[in-house]
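Me: I am new to this structure and would like a close look at one part of it. Please start there, then widen the view.

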Amino acid sequence: MLKVEGLTKRYPKSDRYSVKDISFELKPGEIFGFLGQNGAGKSTTIKCITGILPFDSGTIEICGHDIVKDPIGAKLEMGYVPDNHSVYEKLTGREYVNYVADIYRVSKEKRVEIYNQYIELFKLQEAQDKQIKSYSHGMKQKICIISTLVHEPKLWILDEPMIGLDPQAIAEIIALMKQHVAKGNTVFFSSHNLDLVKKLCDRCAVVNRGEMVDFFDLKDNEENKKNLEERFFKITGTYEERLFKDYASQELADVRPDTEAEKTEGEAEEDETK
Amino acid sequence: MRQSKISASSLKALIKLDVIGRFGSRKDVSNKDIISRIFNILFSVIIYGVVVFGIYELTNIFVKRSGLGYEWLVMVTGLTMILATIISIVTVMKNLYMNGDNELLLQFPVTSAEILLSKSIYCFIHNICVCMILILPFYVSFGVVAGDAGFTISKGYYVEVIVDIFLISFIPFALANILAVPVMMVVNKLKNRHLLMLIILIVLLVGAFIAYMEVIRMILRYFQSESVSIFSPQMISTYKYFGRMAYPFKWYANMLSGTILAGISHKEIGLSFLYVMLITVALLVAGFFVTIKLYYKTILWGIEGTKEAFKHKTRMRKHSQFEASLRREFLLIYRSFNYSFQYLAMAIAAPIMVYYCNNLAVEFGSSSVGPKIVPGLSLLVIIIFSTMIVSFAATTISREGSEFYLTKIIPMKYTTQVISKFVLYSIVAVISVALSTLAIGLAFGPGAKKPLIGYTDIFAIWGISEMITMALTCLSVWADVKSPTFNVAGDGEMVKANKNLAIALGVGIVVAVGFGVFAIIFNYIKWAVGNSYLIDSINDVYIALTIASIVILGASASVLFANLNKRYMKIVP
């Protein structure tokens, strides 16, 4: 579905590589998480994959189409949600999605069907004929997501898609990701939310200072899921026992309150005394 | 109001913040910035100098030659006060109510009264500067010209000028404070009616241009023969009537020149001063109460209110990629106030403006040089206006702003995307040029009362202008592909013209002048090499310019489209 080999990118006037020799391959039907700190090279990698940025060496293939040699073929197979979810704000929501559908050559029947389905799902019926300029942050993100799904891409790329969204919208996007891969497509998304990656992804990779430093399975691999935070902190060189313990215990309490029940009587008493 | 306490230190901090926000910090100013600022100041001074010279000449005509000094003072006081009021309303609207920093400032430990006062101080100082710049040249010219004409103008007159302008400056400021909110409400009501806004913009643009051309025509006619209609006995009595009745402007004129020109008694001058003080105080009090009553409410409405969004119900229709791209580009221009004005209003108004400009140039050019000037002059005027239209294409990539990434990810060749932009700008400009040529054809062609050009001339002017228009469109788009500047502000629109626009305008003006002057010169003289004539008639001129246009068009298209895909790929926002 997506094959990246030896991707290397250095920005003009920069003395260091933003992305250095990154290689990975995504399979149909998987959700892939792309992790890394701010400035690690996640967005640059995504921008190279989507064709926004030229790169110095390596190859990128999307469904067999090389992004450099056959950019149109590659782009037709892909949908991209950027981190800033910029869209043409002078257009209305419906006009924007229709424009994108025209560009991706989607038939009239298909676009109407998909559009109506998502507009209802995201509850944008009232806003759809208003200028996007008047939309809230979350509404803009939603219309951006609809526009990337209107041509049913095989590869759906999302750059930090959950930022600034309400819980309901996050749940909808998670459901959409699952639906998308259930049809044999692939989802590739970057995130800072380790817990979300743990829950959602089949596999994930960690980039640090432009290099891919870890790559592991999460699906049916409880050990990797359990160790994800520690591995991430250690890999990115940000591991501090004090911080990690705080983070892990907080996450455990937030995400798995049921673990309280697993405590022994003695432990519970000790907690109370504290 | 939220709080009304005012502390001097908070006020000082707010004013300092405002000044840094507007003019930037003095630290870290590069040499390039300094040179650019010096260049801008020099350019402004030159333009202002030209305007001041024009004002001096007009004052001369009215005061020295026509003896309408007092009436002239009343007229210019009225005109400049109206202009200053319009500018002041815009300043107050922008700074007090529409400035995005209100939300930020309200989070600071400052009262809303302090925010209001700091912003009002800026608006007032701005208003005084505007009044000085607008009025001073008129009043000083008046003093100089009246002195030359034999009136007694003492040094005290110039002190009075400063006092008069200071008093005048309160009126636009007070009126702006009263009118800003209603004007803003009207603008908010109109801003989503794009077609209506476009029509209003065109009417204003054409109206202002026609008025400007008529003033120039009057001045030129006056210089040609002093007995012109603007100084007919009937017009002079109208000026005198205006001078008597134009309240409150005449009070300011009384204070300034009552004893010198109009023979007004000291008592009347004292009364004028009293009336001026009374209306000034009354308007300032009204402005004060309106502002403190509405300021906090209005900015809160701006922050938390539900603004009326533009609504447009459409159906999901299928278009080709090219058509969709073309449509999108047009809608983004059409639905923007700034872009509509810069481009569409200009393109639609151009034929009327070309007609007036050409008419004036021909009226004075043909009488002094001869009617053979008409084809070259028409070419010059049409190409200059088409340059003004197509130079907008020099921001076509830059205007994509934060949405530029979309042009990179969509499955559409970069070349096709650029062609769609080129087609849109070309179509609009080509239609505008065709209408401009038609206007000139109707005014000076075979069907006119006094025909000055024939069908061949009209056809040649049209063909050459169209080719140059398309060539300039290519060059404009090329310049922006080469180095776009994605500077965006506010709602994501480009608010400042980038350097590509200046380049496009510069090239267009050079071509217009080159072609126009070539056609004018070689319509009068022949060009021979040895025994054979290279240019023997105007038809030879057209052939030469057509060949030149084809070469320029071919070269521009090659420059734009050669390696376009590769160059576009390299653009990184």
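How near do the axes of helix H2 (residues 31-65) of chain B and helix H5 (residues 112-148) of chain B come, and at what angle do they cross?

Reply: A word first: this is a predicted model.

Start with the two helices. The axes of H2(B) and H5(B) come within 9 Å. They cross at roughly 45 degrees. That angle makes H2(B) oblique to H5(B). The crossing is right-handed.

Now the residues. On the H2(B) side, the contact is made by Val52(B), Ile55(B), Tyr56(B), Thr59(B), Asn60(B), Val63(B) and Lys64(B). Facing them in H5(B) are Pro137(B), Phe138(B), Ser141(B), Phe142(B), Val145(B), Ala146(B) and Asp148(B). Sorted by class, this contact of H2(B) with H5(B) holds nine nonpolar, three polar and two charged residues.

Step back to the chain around this pair. Chain B has 19 helices and two strands. Its C-alpha atoms fill a box of roughly 80 × 65 × 50 Å along the principal axes. Of the 573 residues in chain B, 36% are buried. Take the contacts in chain B with a separation of 6 or more: 83% of them join residues 24 or more positions apart.

Chain B also touches chain A. Here 35 residues of chain A are in contact with 32 residues of chain B. Three helices of chain A each supply at least two residues to the side that touches chain B: H2 (71-76), H3 (93-103) and H4 (108-121). H3(A) gives the largest share, six residues. By class, this side of chain A has 15 nonpolar, eight polar and 12 charged residues.

Chain A itself comes next. Its secondary structure comes to 10 helices and 10 strands. Buried residues are 43% of its 274 residues. Among contacts in chain A with a separation of 6 or more, 69% link residues 24 or more positions apart.

Two sheets of chain A deserve a look. One is an open sheet of four strands, in the order E2-E1-E4-E5 (chain A), with antiparallel pairing. Strand E2 (19-26) and strand E5 (65-66) of chain A stand at its edges. Each has a single partner strand, so one side of each is left without a neighbour in the sheet. Two bridges join strand E4 (residues 57-62) of chain A to E5(A), and these strands run antiparallel. Ile62(A) stands opposite His65(A) in E5(A). Helix H1 (residues 42-50) of chain A packs on this sheet. H1(A) touches strand E1 (2-9), E2 and E4 of chain A, and its direction makes about 120 degrees with that of E1(A).

The other is an open sheet of six strands, in the order E6-E7-E8-E3-E9-E10 (chain A), with mixed pairing. Strand E6 (78-81) and strand E10 (211-217) of chain A are at the edges; each has a single partner strand, so one side of each lacks a neighbour in the sheet. Neighbouring strands here are turned by 15 degrees against each other on average, direction ignored. Strand E3 (residues 31-36) of chain A runs parallel to strand E9 (residues 203-208) of chain A, joined by five bridges. Leu35(A) has Val206(A) in E9(A) as its bridge partner.

Helix H5 (residues 137-149) of chain A touches E6 and strand E7 (155-159) of chain A, and its direction makes about 170 degrees with that of E6(A). Helix H6 (residues 167-182) of chain A lies across E3, E7 and strand E8 (186-191) of chain A. H6(A) runs at about 145 degrees to E8(A).

Note on methods:
Residues are numbered from 1 along each chain as its sequence is written. Chains are lettered from A and ligands numbered from 1 in the order in which they are written. This is a predicted model: local features need pLDDT of at least 70, side-chain atom pairs count only at pLDDT 80 or more; totals for chains, interfaces and linings use all residues. Axes are lines fitted to C-alpha atoms, for helices over the stretch in contact, and angles run from 0 to 180 degrees between N-to-C directions. Angles under 35 degrees count as roughly parallel, over 145 as roughly antiparallel, 65 to 115 as roughly perpendicular and the rest as oblique. A crossing is left-handed if the near helix is turned anticlockwise from the far one by less than a right angle, and right-handed if clockwise. Two residues are in contact if their C-beta atoms, placed from the backbone, lie within 7 Å. Ala, Val, Leu, Ile, Met, Phe, Trp, Tyr, Cys and Pro count as nonpolar, Asp, Glu, Lys and Arg as charged, and the others, Gly among them, as polar. Two strands pair if DSSP finds at least two bridges between them. A residue is buried if 20 or more other C-beta atoms lie within 10 Å of its own, exposed if 12 or fewer, and partly exposed in between; C-beta atoms are placed from the backbone.
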